[in-house]
Amino acid sequence: MRFYEYEAKALLAKNGVPTSKGGAVTSADEAARLAGEIGGEVVLKSQVLSGGRMKAGGIQFATSADEARKHAEHILKLVINEQAPRCVLVESKSSVKKEYYAGIIYDGNAKLPVAIFSDMGGIDIEEVAETHPEHVARVHFSTFQPLQEFKFKELVASLGISGNELNQLSRIVSRLAKTFLAHGLTLAEINPLAQLEDGSFIALDSHMDMEDEARDQQRSVLEELGIGPDESRQSREPTEFEMRVATVDAEDHRGVVRVVEFDGNLGCVIGAGGGSLTIFDALKKYGGKPANYCEIGGNPSVHKAQELTKLILQQPGVEKICVIMNVVSNTRVDIVARGVIKGVIESGRDPADTIAIFRIPGSWEADGFKILEKYGVEYADRTVPMSEAARRAVMKVGGA
Amino acid sequence: MSILIDENTTFIIQGITGREAVNMARECIDYGSKLVGGVTPGRGGRDVHGVPVYDTVAAITKKQRVDASVISVPPPAVRDACFEAIENGIKLIVIVTERIPRLEVAQMVEYANREGARIIGPNCLGVLTPGKSRVGGMGGAAVSARKAYTPGPIGIMSRSGGMTTEIANTLTAAGLGQSTAVSIGGDAIIGSTYAELMPLFDADPETKAIVIYSEPGGRMEAQLAEYMKASGSKLPVVAFMAGKFMDEMPGMRFGHAGTIVEGKADTTAEKLTRMKDAGISVAEQIQDIPDILKRRLAGGGA
């Protein structure tokens, strides 16, 4: 889950990292009032979960309250990369002497968090990493011991920084690391981390990502930031179909189902995890137009398979569905077969015609195949590869 | 021979009285595994399919040798259960539970490394050595597992539990048995990566070739490619990569927490290039794997 800049900065401030004076507002009048309160030159920044704000005109400067109002009006209406801004951040404008970069992520191979620091911060940091690797330093640190502040001193010092700057910068990296660990983040980044004309340091922009798995534990801080449990913050908002399937999933603890909506004519009841990825690739390879991505597994109930099938068949343009999984271990073939057939019948359709193919081998397959036979549904056992089942399904909906 | 587990491996299930764990216990016993006990705090003194339940791990480890533990408890309880197992001297921890925060996984792995223990998972189905033992629920009911998995020379490592069985089944149908199959887990941080398990397979005289199932996300495949180049491993490796369609959808999450394209090195295209460069054969479809294996086993190149 991505944070808006103003939320990330609120978390930084909470953890003792200096940020600019200002706040987030949702109207031009409030922007004008806040600009007047801050005094001097202010910067107004569109709050969207997207880069390229400066280029799009989402960042403007103002020297008066009236000018701030005018800019805020424009920014609040400006759509950037298909996103309307949530609000506008009004901050005191800083005069910057030098830009640094500080970031924390997990290194999946080392299985530890890694702090990354550069004395060439700013929007081109990724290029800097490639062209000036000697200006980018990294250090892994423990998640197990009390925060290893010395590591961040070593990190900053390794770029030849010393004196007061070393102490100030390593303290900020240390606090960023603390924020990262305390809030279930998978990315915490200050860029630029600016040194001002007076020598002090300030977080001018920040990106943060919280993993979904941590949201329960972080409920109180999310509440503080005004982020509700329904806000997914995916790269796009969930569609109505996706939300309805999520509701079906939540109603019944047996089995797990997740879907992603696409435009297509072939509905997919596919599983369980890796199997879904494999099947989806195969459907695409044979020119199929899947109406949805789907992961269903963990031994779902008849009801869950049935409701999923009904929701998929309600999607406009869905002609047939394919029911394909890898050889299943704990999911029962007969239960999925019963659920899918019930779902098709309750949708007023004929199972033999609507189910393009059913290929789920494994637990209770003999019972499952008997049910399918009774309804005249084409089914395949483990001797038919998953990709072959996908090919047959695509053929039936007039694929390539 | 095999890796990680064999017919003598004794293990417990932490959370044995849970719905899924009760099934798993039944399936492990039926398969012939040495399931010697289970732990559920407050349920000590009961039994699950004849397997004694204890309140704590210590209550069983002080009575007998325990080689491994399967952790099947709800996400908020996993870290403590893992620490409890390691603290009591268990060296192989299989974490089945999914949706554990990354920080907690990192902490468990760091502690395991310090104590000389190994973690498999989280979000995995466990380890299976055909005909000898199974630690975890991979393959389902014993009769199904026997149908899909047969003893032989191929090691399997897979980021998907379900696909481990699909691959084993495909190999079995082609007359290629398996030495040990490991469901390594689908999360962004896991206890044992391909490259970390490879030395075990390299040291196993029975294993003659490896199949890996791979997905987008993370740098585990790059790590394996580096291992293959640096170690001089003699084992031919065949990889199957799922999720090619995701390369065009960066930032979208499809299931496994590790399966999200966050950077350039995460894409399937990049991973395939690195693996091919390291002499790893790439199978376009699951059903192509047996022929590629047979060719590589006969001395053919990647």
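Which residue of β4(A) is the bridge partner of L44(A)? In this predicted model, the partner is V90(A).

## Chain A in outline

Chain A has 15 helices and 15 strands. Along its principal axes, the C-alpha trace spans about 80 × 50 × 40 Å. The chain has 400 residues, and 49% of them count as buried. Now take contacts in chain A between residues at least 6 apart in sequence: 70% of these join residues at least 24 apart.

The domain assignment gives chain A domain 1 (22-92), domain 2 (96-224) and domain 3 (240-396). The centres of domain 2 and domain 3 of chain A, taken over C-alpha atoms, are separated by 45 Å.

Strand β4 of chain A covers residues 88-92. Four of its five residues are buried, so the strand is mostly covered.

| Strand of chain A | Sense of pairing with β4(A) | Bridges | One bridge pair |
|---|---|---|---|
| β1 (22-25) | antiparallel | four | G22(A) and E91(A) |
| β2 (42-46) | antiparallel | five | L44(A) and V90(A) |

What holds such strands together? Strands of a sheet pair through backbone hydrogen bonds, either parallel or antiparallel.

L155(A) lies in helix α6 of chain A, residues 149-157. Is L155(A) buried or exposed? It counts as buried because it has 24 C-beta neighbours inside 10 Å. The cut-off for a buried residue is 20 or more.

Which residues does L155(A) touch, leaving out those up to four places away in sequence? They are A115(A), F117(A), A137(A), V139(A) and V173(A). F117(A) is 38 residues away from L155(A) along the chain, yet their C-alpha atoms are separated by 7.1 Å.

## Helix α15 and the cores

Helix α15 of chain A runs over residues 386-396. Its buried residues are M386(A), S387(A), A389(A), A390(A), R391(A), A393(A) and V394(A). What covers them? The cover includes β12 (266-271), α10, β14 (320-325) and β15 (355-359) of chain A. It also includes α6 (161-173) of chain B. After the helix comes G398(A), with a positive phi near 75 degrees.

Neighbours within four places aside, A390(A) is in contact with I279(A), A282(A), L283(A), Y286(A), C322(A) and I324(A). A390(A) also belongs to the largest nonpolar core, which has 157 residues. Which members of this core touch the most other members? They are V269(A), C322(A), V323(A), A390(A), I71(B), I93(B) and V94(B). The largest share of the core, seven residues, comes from helix α12 of chain A, residues 333-346. A second, separate core has 59 residues. Among them are L11(A), L12(A), A35(A) and F152(A).

In soluble globular proteins, nonpolar side chains tend to be buried together.

## Where the chains meet

How many residues of chain A are in contact with chain B? The count is 44 residues of chain A, against 50 residues of chain B. Five elements of chain A give two or more residues to its side: β6 (112-118), β11 (256-261), α10 (274-285), β13 (292-297) and α15 (386-396). The largest share, eight residues, comes from α10(A). By type, the residues on this side of chain A divide into 15 nonpolar, 21 polar and eight charged.

## A sheet in chain B

Chain B contains an open sheet of seven strands. Their order is β9-β8-β11-β10-β12-β13-β14, and the pairing is mixed. Which strands lie at the edges? They are β9 (133-135) and β14 (281-283) of chain B, each pairing on one side only. On average, neighbouring strands of this sheet are turned by 20 degrees against each other, direction ignored.

Inside the sheet, β10 (151-158) and β12 (209-214) of chain B pair in the parallel sense over five bridges. One bridge joins M157(B) to I212(B) in β12(B). Helix α7 of chain B, residues 194-203, packs on the sheet. It touches β10, β11 (178-183) and β12 of chain B. The direction of α7(B) makes about 165 degrees with that of β10(B).

Technical notes
Residues numbered from 1 in each chain as written. Chains lettered and ligands numbered in written order. Pairing = 2+ DSSP bridges. Axes fitted to C-alpha atoms, helices over the stretch in contact; angles between N-to-C directions. Contact = placed C-beta atoms within 7 Å. Domains from an automatic or database assignment. Nonpolar A, V, L, I, M, F, W, Y, C, P; charged D, E, K, R; others polar. Buried ≥ 20, exposed ≤ 12 C-beta atoms within 10 Å, placed from the backbone. Core = buried A, V, L, I, M, F, W, Y, C linked by C-beta atoms within 7 Å.
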